[in-house]
Amino acid sequence: MPEREKRSFPVVIAGAGIGGLTAALALNDAGYEVCVLEKASELREVGAGLQLSPNACSVLERLGVLDELLPHAVLPEGISIRSGHSGKLLGTVPLGGDIAERYGLPYLVIHRADLQATLFEHACSRKGIDIRLDAAVSDIKINDQGQITCLYETSDDVNAVGTRALIGADGVWSKVRRFVPGHNTPKFTGQAAYRATIPAEGLPSYVLNRTGLWLGPNAHVVHYPISGGSSLNIVVLIAENWTEQDWSAPADADMVHAALDGWSPELLSLIEKSPKWLKWALCGVDANGPWRHGQVALLGDAAHGMLPYAAQGGAMAIEDAFVLARTFKAQNGDANTAFAIYEAERKDRVARVQALARRNASIYHMGAPLALARDTVMRMMPPKKFIDQMDWIYRWTATASRST
Ligand SMILES: Cc1cc2nc3c(=O)[nH]c(=O)nc-3n(C[C@H](O)[C@H](O)[C@H](O)COP(=O)(O)OP(=O)(O)OC[C@H]3O[C@@H](n4cnc5c(N)ncnc54)[C@H](O)[C@@H]3O)c2cc1C
């Protein structure tokens, strides 16, 4: 075996994404030394917007990261839901002050790269967190005593670290998931997300202080400000049978224009501002499969990649990371028991969120005549009711984090 070095760590995490870095910080807070292996050789500015509801902010606050995120984030006043074709307002979800008053925490929107960079800087500054970039986990071996050897490939070598607890936070195309027998595999949904970012300068203020959600048959559009309000993130979700494992594939702007043909001129004036689009294929991993096997556990997208229709993909990874660290500490580092408790505590909640995202997908993309009924219901809905419906998700906190 090509093991130049095989240092052993109490915990090894595959993936320095949102969940992996959060887990590293939470485990470090719990007193454990952690090694994080990340396949990318640098954490570049890839991806675009993520929404962080109060449940996610509660963990970030607890880990001491929230205040540093705020300058990069925007706290939208609300979500304006509109008909894609007529542009008419269907409903308003109050965020901003309403959320802060209700939960004592913000609802924020942020560039994924800003969130990852802030978590990364925090992790690098901690004694006891060893982050190795250009380190793609490729295989693991477990001996009869439960000692795990985790092999990883660098650009010019194969290396290894030892551990008694391995966490697969390596995203929807997880390699670690192979070591969880009976695991579910990612399924493409026949939809793709096209994304663009445009400069905020010159855009009307009602676009820059709110999230916009536009609904139409077989497509919807979400936009919100990111990068401290200096850019607008636009995502167009359309039915398309395209399947590639890429978060940032070059995309054809004509596909976006064709999908939104006949939509509101107000929206199209935003869409036309971006000549450059990137896309990723939407796929999900059913949360009801196993998330762990012995001393190997999965978290975030590796365990339960989900559609972005409930805006909870990042938040669920962050919650997972915190609960996993808490149970690991409570079980004095006994990974077998801790991971079983973690899975039992998280699964129902995440599966429920995943089901909500699927339900939203069919509601958002309804065609006539169902869309007419949907629009009528939305128009009659008091703003507070929109938040009441999300309360079971948003009210989760890191301090009282028994999942509902
Ligand atoms: C490059 C990228 C861009 C994204 N852009 C968006 C976006 O614009 N909007 C959005 O809503 N969501 C985006 N996402 C997804 C979003 O970050 C996740 O859905 C969510 O945050 C859950 O986080 P996670 O930690 O489970 O997974 P991720 O944040 O996806 O992190 C997984 C990490 O594991 C690393 N990894 C993968 N395989 C290995 C391996 N074999 N060994 C070591 N490391 C490995 C990846 O490089 C990545 O850093 C993006 C994800 C990635 C990786």
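The following legends describe close-up views of a predicted model.

**View 1. Six strands form an open sheet in the order β8-β3-β2-β12-β20-β19.** The pairing within this sheet is mixed. Its edge strands are β8 (129-132) and β19 (292-293), each of which pairs on one side only. Strand β3 pairs in the parallel sense with β8, over four bridges. Strand β2 (residues 11-14) also pairs with β3 in the parallel sense, and here too there are four bridges.

**View 2. Strand β3 (residues 34-37) is covered on both faces.** In a regular strand the side chains alternate between the two faces of the sheet. In β3, V34 and V36 lie on one side, while C35 and L37 lie on the other, and all of these residues are buried. The neighbouring strands can be located through two facing pairs. V34 of β3 stands opposite V11, and L37 stands opposite R132 in β8.

**View 3. R132 and D130 are joined by a salt bridge between their side chains.** The distance from N to O is 3.1 Å. R132 has a relative accessible area of 13% and is therefore buried. D130 has a relative accessible area of 22%, so D130 is classed as partly exposed. R132 is also the residue of β8 that stands opposite L37.

**View 4. A salt bridge connects R102 with D388.** The N to O distance between the two side chains is 2.7 Å. R102 belongs to helix α4 (residues 96-103) and D388 to helix α13 (residues 383-394), so this pair ties together parts that lie 286 residues apart in sequence. R102 is partly exposed because its relative accessibility is 34%. D388 is likewise partly exposed, with a relative accessible area of 30%. Both residues take part in a network of salt bridges that links R102, K384, D388, D391 and R395. By the rule applied, the model has a count of 17 salt bridges.

**View 5. Within helix α11 (residues 335-364), E343 and K347 form a salt bridge.** The closest N and O atoms of this pair are 3.0 Å apart.

**View 6. E61, D67, E68 and E121 form a negative surface patch.** One of these residues, E61, lies in helix α2 (residues 54-62). With a relative accessibility of 47%, E61 counts as partly exposed.

View 7. Most residues other than glycine have a negative phi, and most peptide bonds are trans. The peptide bond from A368 to P369 is cis, with omega near 0°. P369 is found in the loop between α11 and α12 (370-380). N218, a residue other than glycine, has a positive phi near 65°. The loop that holds N218 runs between β14 (211-216) and β15 (219-226). A311 is not a glycine either, yet its phi is positive, at about 50°. This residue lies in the loop between α9 (301-304) and α10 (313-330). A311 counts as buried because its relative accessible area is 19%, where the cut-off for buried is under 20%.

Terms used
Residues numbered from 1 in each chain as written. Predicted model: local features only at pLDDT ≥ 70, side-chain atom pairs only at ≥ 80, totals over all residues. Heavy atoms only, no water. Patch = residues over 30% accessible without salt bridge, like charges linked within 9 Å, V, L, I, M, F, W, Y side chains within 5 Å. Areas by Shrake-Rupley, 256 points an atom, 1.4 Å probe, with all protein chains shown as cover. Salt bridge = Lys/Arg side-chain N within 4 Å of Asp/Glu carboxyl O. Lys, Arg positive; Asp, Glu negative; His and termini not counted. Charge placed at Lys NZ, Arg CZ, Asp CG, Glu CD. Helix = DSSP H or I, 4+ residues; strand = E, 2+ residues; numbered from the N terminus. Buried < 20%, exposed > 50% of the residue type's maximum accessible area, 1.4 Å probe, protein only. Pairing = 2+ DSSP bridges.
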